[in-house]
Amino acid sequence: MVVGVVCAVIVIILSRMWLRRGRKIRAIKSAEKLVRDNENAKLRAAKKAAKSHPVSTNDAGSPTSSGSPTDTPEA
């Protein structure tokens with residue numbers, strides 16, 4: 001009878017440890033998902049901002065304000 005009680009106590013302790021471990025893992029995964037979702041939202045916002053405000057580029061034929069090393073100096 002004593003062996004049965006000891007075995008029952010061990011089973012109860014191990015099951016509680018297992019359940020506590022499961023809760024901790026779920027909490028960690030939930031936190032990681034929140035971080036991942038936040039990073040994805042930031043990337044989407046940055047892409048959306050980049051689409052709405054395109055960066056202007058100079059054409060190859062248009063003069064630039066800064067001189068190039070091959071330009072001849074004006075006198």
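1. Start with the nonpolar patch on the surface. Met-1, Val-2, Val-5, Val-6, Val-9, Ile-10, Ile-13, Leu-14 and Met-17 form this patch. Together these residues have about 920 Å² of accessible area. Keep in mind that this is a predicted model.

2. Take Val-5 as one member of that nonpolar patch. Val-5 lies in helix 1. Its relative accessible area is 49%. Exposed means over 50% and buried means under 20%, so Val-5 counts as partly exposed.

3. Now the overall fold. The protein has one helix and zero strands. Helix 1 covers residues 2–52. The protein has 75 residues.

4. How much of the protein is buried? Of the 75 residues, 1% count as buried. The cut-off for that label is under 20% relative accessible area. The protein exposes about 7,600 Å².

5. A charged patch comes next. Arg-16, Arg-20, Arg-23, Lys-24 and Arg-26 gather on the surface. Their patch carries positive charge.

6. Look at Lys-24 within that positive patch. Lys-24 is found in helix 1. Is Lys-24 buried or exposed? Its relative accessible area is 54%. The cut-off for exposed is over 50%, so Lys-24 is exposed.

7. Then the charge pairing. Side chains of opposite charge can pair when their charged atoms come close. How many salt bridges does a search of the whole structure find? The search finds one. Asp-37 forms a salt bridge with Lys-33. The closest N and O atoms of this pair are 2.9 Å apart. The cut-off for a salt bridge is within 4 Å.

8. Where do the two partners sit? Asp-37 and Lys-33 both lie in helix 1. They are four residues apart, which is about one turn of the helix.

9. Asp-37 has 34% relative accessibility and counts as partly exposed. Lys-33 has a relative accessible area of 45% and is partly exposed. Partly exposed is the label between buried, under 20%, and exposed, over 50%.

Technical notes. Residues numbered from 1 in each chain as written. Predicted model: local features only at pLDDT ≥ 70, side-chain atom pairs only at ≥ 80, totals over all residues. Heavy atoms only, no water. Patch = residues over 30% accessible without salt bridge, like charges linked within 9 Å, V, L, I, M, F, W, Y side chains within 5 Å. Areas by Shrake-Rupley, 256 points an atom, 1.4 Å probe, with all protein chains shown as cover. Salt bridge = Lys/Arg side-chain N within 4 Å of Asp/Glu carboxyl O. Lys, Arg positive; Asp, Glu negative; His and termini not counted. Charge placed at Lys NZ, Arg CZ, Asp CG, Glu CD. Helix = DSSP H or I, 4+ residues; strand = E, 2+ residues; numbered from the N terminus. Buried < 20%, exposed > 50% of the residue type's maximum accessible area, 1.4 Å probe, protein only.
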